[in-house]
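Please consult the sequence and the structure shown below.

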Amino acid sequence: MSGPDPSRLKVVAWDFDGVLNRNIEQGTFLWSKTFEQDLGLSLQSFSRYLFGGRFQKAMVGEACLKDLVTEWSEQNGAAGRAGEILDYWFRTDAMPDHDTLGIVRGLKARGIGNVMATNNEVHRTHFIEHDMGFGAHMDRIFAAGRMKIAKPDSAYFAHIEETLEIDPAHILLVDDLHENVLAARGRGWQAFHFTPGSHGDLSNALGLQP
């Protein structure tokens, strides 16, 4: 599979977790590593409750993450702590990848647009955009919770194409999940499978190296 073609590129669509945000270590999100130690709550119980299907509904706007965490808290001896739990989750996982953001700046200098294409639900998306300041880095933020659809669904990519009014061949997805890369290519997008430490390869592929 050939790499990105910078000469045809108009917009780069960046995944967030694992790409713009360096919050995943060996497949594990940072917030979950210290959850029990710092909050004194059961990670197993929380994860079993939330990630057995409920979070997937919140991700596409069919449920409210705050309501779900509140429900779990009330059932597990942590009533009134839902806000604390979400704040801990969001802030512990707030690890902007400054190397990736350097590539974003290089693209901006060349007049190439940059948007976020993330599968986050609405509350964390708001945190990412405003508290973490990514609204200033990106021309636009596309999030599953706002769009009511998630990667790798083809309609997710179609929505971005239609909103930006750009031919798919002029869009590059940078994502750490291979299934999303394949889905983007299936739509006719350019795509780069981002893995830990691949900043140099991406810069080279985009022609940003001197």
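Are Lys151 and Asp175 buried or exposed? Both Lys151 and Asp175 are buried, where buried means under 20% relative accessible area, exposed over 50%, and partly exposed in between (1.4 Å probe, protein chains only). The model is predicted: local features need pLDDT of at least 70, side-chain atom pairs count only at pLDDT 80 or more, and totals for chains, interfaces and linings use all residues. Residues are numbered from 1 along each chain as its sequence is written, and side-chain values use heavy atoms, with hydrogens and water left out.

**Salt bridges overall**
- The whole structure contains eleven salt bridges, each defined as a side-chain nitrogen of Lys or Arg within 4 Å of a carboxyl oxygen of Asp or Glu.

**The network around Lys151**
- Lys151 and Asp175 form a salt bridge with an N to O distance of 2.7 Å.
- This pair links distant parts of the chain, 24 residues apart: Lys151 lies in the loop between α10 and α11, and Asp175 in strand β6 (residues 171–175).
- Salt bridges with shared partners join Asp15, Lys151 and Asp175 into one network.
- Asp15 pairs with Lys151 at 2.9 Å, N to O, with Asp15 in the loop between β1 (11–14) and β2 (24–25), 136 residues from Lys151.
- Asp15 is buried, as is Lys151.
- The helices (H or I, at least four residues) and strands (E, at least two) are DSSP runs, numbered from the N terminus.

**The Arg81–Glu84 pair**
- Arg81 and Glu84 form a salt bridge, with their closest N and O atoms 2.8 Å apart.
- Arg81 is partly exposed because its relative accessible area is 23%.
- Glu84 is likewise partly exposed, at 39% relative accessible area.
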